[in-house]
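Subject: Structure for you to look at

Dear colleague,

Here is the structure I promised to pass on to you. Please open it alongside this message, as the notes below are meant to be read with it in view.

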Amino acid sequence: MAEFYDKESVRAPMSQRLQRFEPPSDTQAIGALVSVTIDGKELKVPLGTTILEASKKVGVRIPTLCYHEDLCVAGVCRICVVEVEGQPRLQASCAYPITAPIKVKTHTRQVRQARRHILDLLLSKHYGECYACFRNNNCELQALAKEYGVDFFRFGHPEKPRYRIDRSSPSVIRDMDKCILCRRCVRTCIDLQEVGVLEVNQRSNRSKVITFGEKPLGDVICINCGQCINRCPTGALRANDPTDDVWAAIDDPTKHVVIQTAPSPRAGIGECFGLEPGVPLTFEMNTALRRCGFDKVFDTNFSADLTIIEEGTELLQRLHKALVQKDKMVRFPQFTSCSPGWVKFCEHFYPEFLDHLSSAKSPQQMFGAVIKTYYAKLNDLDPKNIVTVALMPCSAKKFECNRPEMCDSGYKDIDYGLTTRELAQMISEAGIYLPAMPKSDFDDPFGTATGSGVIFGATGGVMEAALRTVIELVCGIQVEDLFAHADITPVRGFDGIRFMELPIKKVGPVPELLKGLFEDWDWLVGATLKVAVAHGTANAKRVMEDIKAGGPCSECHFIEFMACPGGCLGGGGQPIPTSPEIRAARARAIYAEDAAYEVRKSHENPAIVRLYTEFLTEGPCSHLSHHLLHTAYTPRGKYIV
Amino acid sequence: MIMPTETNQLTFSKVPINEGMKSALQKDRGEIIAMVSQSGLKGRGGAGFPTGIKWNLAAAAQDDQKFVVCNADEGEPGTYKDRVILTDYANLVFEGMTIGGYAIGARKGILYLRAEYTYLRSFLEDLLERRRRTGFLGQNVMGKRGFDFDIEIRMGAGAYVCGEETALIESLEGQRGEPRNRPPFPVNTGFMGHPTIVNNVETFAWVTCILVKGADWFRKIGTEKSTGLKLFSVSGDCSFSGVFEFPMGITVAELLERVGGIGAKAVQVGGASGHCVPASEFDRTIAFEDVPTGGSIIVFGPDRDMLAVAKNFMEFFIDESCGQCTPCREGNERLLEGILMLEQGRCSMRYLRELCALGETMQAASKCGLGQSSPNAFLSIVAHFKDEILGRAPVAD
Ligand SMILES: Cc1cc2nc3c(=O)[nH]c(=O)nc-3n(C[C@H](O)[C@H](O)[C@H](O)COP(=O)(O)O)c2cc1C
Ligand code: SF4
Ligand code: SF4
Ligand code: SF4
Ligand code: SF4
Ligand code: FES
């Protein structure tokens, strides 16, 4: 079961919720095993295991469409039906908990016929051509059509589209003609993310997945997280793809096209080239990007470090105001603002909390602003000829870079946001097999990255990076003195919400970087820094409700929020499919990369030090840095007109 | 033409009010359930699940909250017996629900009333209020210490599928009315996750009668597997349409004779989701072991076009399927298209065979009773009236 599943809070109706058999409370039954025979293979499973789960254990493949490991069980597509001895009807194996010994057959004549019929029925409504579809070769419907030998459309095939493609959102495009009504997107949005943009409307053959009032997706409270895209089995949902524009910029000799690459895509892009999840291709990708024609390849880790400095300084300023100046207007906890999905979630659902959000821009946007100012000056380039592309694991980043206020350099900070999938497409189009590329480094002047930037890709990463920096800048000690290898493990992992407390026992001198802002740290002695980490907006919501209720989260000073389950490595722009195992593999790759870096603390990143000496000379959170690197938010509310 | 509405005398009219409850509250819970089991009563809503077993499961479930739900959604085409019961004998139903509550340990009953029966609501509310005032509902019902029970009326919104018990519960919970995965069953995880018995209006009324007249009285009527009496809503090409009480196990021919349907070409037993019995099989019995029914009897006279009948039913299901599962959502539509092709003389034998196979898939693989039974009418009409539906003159495009 998904690690995010929390029975108490889910909003999905019971008809779509995993209905797990709860064994009787007497101790004998707890952990009791029950025997099941699947295609003649006998095994014992814990009471309540579904037939589908049991069949995986004996290596029997049962096809699925509406089932997804991250989501509650719907049991609606019926492709997974099997025969259970003694039952007059076929049973959906994904939704059938084993509570008594049973014998199951997974491919009898009736089962095969039913699956063929179900596929034929789905195809009789499925308008779309595989070769013109972004899920070609990565589509669950297409794969099953092959597996079950569909060689003609038994019940016909639509010749005309029925719906208009909804291209209103800068992040997610909906093509309902390819929708097979598996409702995975609905369960993702309502149940996993608890945003609730998508619902099924009407019944029978008129039923379809809609937004509120059938408004365009761009006009409703969608937070652009793209989690629905990652869980759609077909090409009905896809990200808004700007590759044509990026190619055009590359082809234009007057344009200087730079790309920054975020940490998570490296850990995922191999999957698009057939590799196992968790094989990072950071440096191979640098070479491939240059071969594609990008003029410079930068590492978003640079601006991740920059974010840590700015956001960390903001936190210290808030603490100073509260503790020393006794300013009642200071808001705690401070929220991270690097996940644009989370930011929009907060704007819609908790607009009264916007002053808790750090005003620091996300690493993507900070980098854009720095490139079009500092970098332009350094290289004597006219910023209007610089095209900034951001490779992100995220669909919400596409929305973020189009926010009207993100133009502090005088130009759009970031021109195009590419997802991992889209870049893989570009690389293939350039005839490159990525895993075979030689390795090469990032370009200067932002070349050297730190491990702290890398772990931004995993949930808890921002918090860990911030803590590493705060501990060293404030306490004047090495993080390693407190945490072996500087691994701050309490904030790692996949628990939905994690807490940590850090008592500040002694302080060091104020470092050079912050001398303009603070005289000493003495006022922090004896304080305990309380932080929390939440990933997935469902957990974010839990934290927010807890803050409103005055619970433990309200006592925190700093909370990291990521809109996507697992953090950016599970972002809506990452390769499809996704599952807890895949995300865990990507996380391992990210933490391994962090461990391999020499400099693992943001404030020690030489490029950062240089930026503050050469450009942002007044230091973090100064006037210039506020102008370029900080932003403001829009209270949007939930009510749409 | 207005058909004369006829009915024979119903047992319900002879059962004194509150006698059943009096008798029940003198017994302990186990005894009541044993009595219901012993009577052989099976659910009158159509599926024919033994009521005693259902109640036993709910009684055995451990929970501090349990619910009794009366299914008055009566949406099956051709049934209106529940409406008659609620109009004339509602007290028997409320008694039956209270007895059910006592037997399984529930404190709350809900009557889920079909939207089209909204006009009955205030009348029923008045009855409930009177029962509360006279101590037949509320705290310490009939002076029985520790037995609190009240009944609330909740309205449906017009969806046929909300008569399916788990969809009904979803609807009660304020969700889209869609059937749930089973297991678990409502007796274990029902309304708001608590053990719940869902029974038909008529089922509750019979429980009350059984407590008054005894399990043996009921058991002796009908067949061994389908005991007791049953109400039938009769309509169609017959002299007397109306609600009739007959013993279970009556043959279709006998029934036709009583309602003046001699000469019929077929009888639809069990409504749109039931079975179409052709004249050649009129000696079959209406019983759960033979032709099951929730009470709807539609008589088709010699002039009826059976293809039109199938089309009408199919249109009904396309309207009413909840649309969550593939076989039912898409399958019904394909079957209707097939009927249109037959109508126009354009359906090949081969495609008809394919559609029949599809019908079997729908019966086997659909998520709930609606899709599992929606092809029944189509399949039985194809099986029994092949000559009539095939070979229509092709219609040019
Ligand atoms: C599509 C569908 C519609 C149903 N409609 C009704 C109904 O209107 N009234 C009813 O009593 N049972 C209806 N049922 C049967 C119920 O699911 C359930 O079996 C019944 O309420 C149980 O009560 P009983 O055991 O007393 O018959 C329906 C079932 C299905 C599949
Ligand atoms: S969604 Fe799948 S089956 Fe449909 S066109 Fe795309 S690749 Fe083909
Ligand atoms: S992008 Fe996220 S918020 Fe928007 S519809 Fe998809 S899951 Fe819901
Ligand atoms: S859009 Fe995709 S995920 Fe959503 S119901 Fe359709 S096919 Fe399923
Ligand atoms: S069989 Fe029909 S009514 Fe029942 S769940 Fe499936 S689609 Fe809904
Ligand atoms: S995968 Fe089991 S019903 Fe869809």
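Predicted model: local features only at pLDDT ≥ 70, side-chain atom pairs only at ≥ 80, totals over all residues.

Chain B contains an open sheet of four strands, which pair in parallel and are arranged in the order β3-β2-β1-β4. Because β3 (150–155) and β4 (196–200) of chain B stand at the edges and have a single partner strand each, one side of each is left without a neighbour in the sheet. On average, and ignoring direction, neighbouring strands of this sheet are turned by 20° against each other. Strand β2 of chain B, residues 108–113, runs parallel to β3(B) and is joined to it by six bridges; within that pairing, Leu111(B) has Ile153(B) in β3(B) as its bridge partner.

Helix α7 of chain B (residues 165–172), for its part, lies across β1 (67–72), β2, β3 and β4 of chain B and runs at about 100° to β2(B).

A loop residue

In the loop between α6 and β3 of chain B you will find Gly146(B), which counts as exposed because its relative accessibility is 64%, and exposed means over 50%. Gly146(B) is 101 residues from Gly45(B) in sequence, and their C-alpha atoms are 31 Å apart in space.

Helix α11 of chain B

Helix α11 of chain B (residues 306–320) has 15 residues and spans 21 Å from its first C-alpha to its last, close to the 21 Å expected at 1.5 Å a residue. Among its buried residues are Met306(B), Leu307(B), Phe313(B), Phe316(B), Phe317(B) and Glu320(B). The cover over the buried residues of α11(B) includes the strands β7 (266–269), β8 (275–278) and β9 (296–300), together with the helices α12 (326–343), α14 (369–384) and α15 (386–389), of chain B.

The ligand sites in chain A

The residues around ligand 3 include Cys189(A), Cys222(A), Cys225(A) and Cys228(A), along with Asn224(A) and Gly226(A); by class, this shell has nine nonpolar, two polar and no charged residues. Ligand 4 is surrounded by 14 residues, of which the closest are Cys179(A), Cys182(A), Arg183(A), Cys185(A) and Cys232(A), and its shell has eleven nonpolar, one polar and two charged residues.

Methods. Residues numbered from 1 in each chain as written. Chains lettered and ligands numbered in written order. Heavy atoms only, no water. Pairing = 2+ DSSP bridges. Helix = DSSP H or I, 4+ residues; strand = E, 2+ residues; numbered from the N terminus. Axes fitted to C-alpha atoms, helices over the stretch in contact; angles between N-to-C directions. Contact = heavy atoms within 4.5 Å. Near = heavy atom within 4 Å. Nonpolar A, V, L, I, M, F, W, Y, C, P; charged D, E, K, R; others polar. Expected span 1.5 Å × (residues − 1). Buried < 20%, exposed > 50% of the residue type's maximum accessible area, 1.4 Å probe, protein only.
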